[in-house]
Amino acid sequence: MLTLCYHYGCDRSSAIDLQPDALIWFEQRLRQADNAADERAALQDVVLAYYQIAAQVLPIAEDQGGNQEDARMLGRMDCLDHTHNLHGLLALLQDHQLLRFHQLSADVFRAPLLFNEHHAVALQDTDNGQIWVMDSWFRHFGAPPVVVPLALWKEGFSP
C-alpha cells in the first residue's frame with residue numbers, strides 16, 4: 001500500500017493498493033535490466049505503470065507538466081507531490097529488493113531563483129556512485145519521467 005498525493009503540496013492524498021499482479025509486473029520489468037542504464041529505463045516504465053494504476057481511482061490523469069497549465073485541475077501535481085509519490089514507490093521497490101543497480105538517495109532540491117524552488121527524487125548508482133535524478137514533474141501525465149545526472153539537474157535542466 002502506497003500513499004499517493006496530489007493537488008499541490010500533497011494537499012490531498014489517497015492510499016493506492018497495488019495488486020499482486022502489478023508488483024509481479026514491476027519485478028519482471030526490473031529483472032530485465034542487465035545494468036544501471038537499463039534499470040533506469042525500467043524504472044521509467046514502472047513509474048508510468050504506477051501512475052496509470054493510480055489514475056484509475058484518482059483524477060491525476062489531468063496533470064500537466066510544470067505548474068502553469070493545470071492550476072485549476074483537481075488532479076494537478078507539483079514537484080512536491082511528484083517527489084513524494086516517486087520516493088514512496090522507489091522505497092517500496094528497494095524494500096522488496098527489486099533495485100539491483102541503484103539505491104534510493106535523499107531527495108534533492110534546487111533553487112535557481114529564490115522563488116523557483118524545485119524538488120525531485122535521487123538514485124545512486126551502486127557501481128560507480130553517480131547520483132541520478134528522476135523527475136516526473138516536467139512532463140504531462142502519461143509521459144515517462146526525466147532521468148538525468150544530478151549535476152545537470154542542479155544546473156537548471158529542463159527538457
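Helices (H or I, at least four residues) are DSSP runs, numbered from the N terminus. Axes are lines fitted to C-alpha atoms, for helices over the stretch in contact, and angles run from 0 to 180 degrees between N-to-C directions. This is a predicted model: local features need pLDDT of at least 70, side-chain atom pairs count only at pLDDT 80 or more, and totals for chains, interfaces and linings use all residues. Residues are numbered from 1 along each chain as its sequence is written, and side-chain values use heavy atoms, without hydrogens and water.

**Exercise 1.** Describe how helix 1 and helix 2 pack.

Step 1. Classify the angle. The helices are therefore roughly antiparallel (over 145 degrees).

Step 2. List the contact (heavy atoms within 4.5 Å). Helix 1 contributes Ala-22, Trp-25, Phe-26, Arg-29 and Leu-30. Helix 2 contributes residues including Glu-39, Asp-45, Val-46 and Tyr-50.

**Exercise 2.** Find which cysteines form a disulfide.

Step 1. Apply the cut-off: a pair of cysteine sulfur atoms within 2.5 Å. The whole structure holds 1 disulfide. Cys-5 and Cys-10 form it, with sulfur atoms 1.9 Å apart.

Step 2. Check Cys-79. Cys-79 is in no disulfide. Its nearest cysteine sulfur, that of Cys-10, is 10 Å away.

Step 3. Assign exposure: buried is under 20% relative accessible area, exposed over 50%, partly exposed in between (1.4 Å probe, protein chains only). Cys-5 is buried at 1%. Cys-10 is partly exposed at 28%. Cys-79 is buried at 8%.

Note on methods. Helices (H or I, at least four residues) and strands (E, at least two) are DSSP runs, numbered from the N terminus. Angles under 35 degrees count as roughly parallel, over 145 as roughly antiparallel, 65 to 115 as roughly perpendicular and the rest as oblique.
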